[in-house]
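Let's walk through this structure together, one group of residues at a time. Keep the 3D view open as you read.

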Amino acid sequence: EEAHTIRADASTSRGRLYNFLQHQVGNGAVAFDWIVYGLIVVASLSFIVGTSVVSDANPNAEIVFNNLDVVIVLLFTVEYVVRLYAGPEHPKGFAGHLSSYDFIVDSLAVLPFWIHFAITQEFVPVDYFSVGAVSVRVLRLFRVLRFERLTHAFR
């Protein structure tokens, strides 16, 4: 049996959390996934629209899109930490979780923001189009790869 179909021990809270996140088991699990997918769409559209709307002539747009980026990455960070907590329940153990497709995609989507923050101490970039800010947003587009759960095209 493949690792993505094996469920964790439901007698532990970590196991139930793992099953909720990975297998949509439990009240609200499917809704939670759709909320995450919705945030991915909003983040992607924000990136696309933001690159065409933000300009020196429209400083308010930069504030709106920067703040939206921060809120979305904070929500994704909470989800990332929760998934990290549930990781030891992965059928191949914590190492299996760290090398899983989902964890790598999540890492590419979340960690660049925090690395940029650690280096620049900027939650909101001073320049919306700085190399660092754009690089972080582009890497966050990797989050779209999470939609592979909805299709078997990647399997």
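This is a predicted model: local features need pLDDT of at least 70, side-chain atom pairs count only at pLDDT 80 or more; totals for chains, interfaces and linings use all residues.

You can trace the contact residue by residue. On the α3 side, it is made by Val 70, Val 73, Leu 74, Phe 76, Thr 77, Tyr 80, Arg 83 and Leu 84. From α5 come Phe 103, Asp 106, Ser 107, Val 110, Leu 111, Phe 113 and Trp 114.

The structure holds 5 aromatic pairs. One of them joins Phe 113 and Trp 114 edge-to-face, with 5.0 Å centre to centre and 85° between the planes. How accessible are these two residues, Phe 113 and Trp 114? Phe 113 has 6% relative accessibility and so counts as buried, while Trp 114, with a relative accessible area of 26%, is partly exposed.

Trp 114 also pairs with Phe 117, again edge-to-face: the centres are 5.9 Å apart and the planes stand at 85°. Why are Trp 114 and Phe 117 separated by about one helical turn? Because they are 3 residues apart in helix α5, which spans residues 101-120. Phe 117 is partly exposed, its relative accessible area being 24%. Taken together, the ring pairs link Phe 113, Trp 114 and Phe 117 into a cluster.

Now look at another ring, that of Tyr 85. Here the charged end of Arg 14 sits over the ring, 4.0 Å from its centre.

Our last stop is Asn 19, which you will find in helix α1, residues 13-23. Is Asn 19 buried or exposed? Its relative accessible area is 5%, and because buried means under 20%, Asn 19 is buried. Which residues is Asn 19 in contact with, leaving aside its neighbours within four places in sequence? They are Arg 7, Ala 8, Ala 10, Gln 24 and Val 25.

Notes
Residues are numbered from 1 along each chain as its sequence is written. Side-chain values use heavy atoms; hydrogens and water are left out. Rings of Phe, Tyr and Trp (its six-membered ring) pair if their centres lie within 6.5 Å; planes under 30 degrees apart count as stacked, over 60 as edge-to-face and the rest as tilted. Buried means under 20% relative accessible area, exposed over 50%, partly exposed in between (1.4 Å probe, protein chains only). Helices (H or I, at least four residues) and strands (E, at least two) are DSSP runs, numbered from the N terminus. A charge sits over a ring if NZ of Lys or CZ of Arg is within 6 Å of the ring centre and within 35 degrees of the ring normal. Contact means heavy atoms within 4.5 Å.
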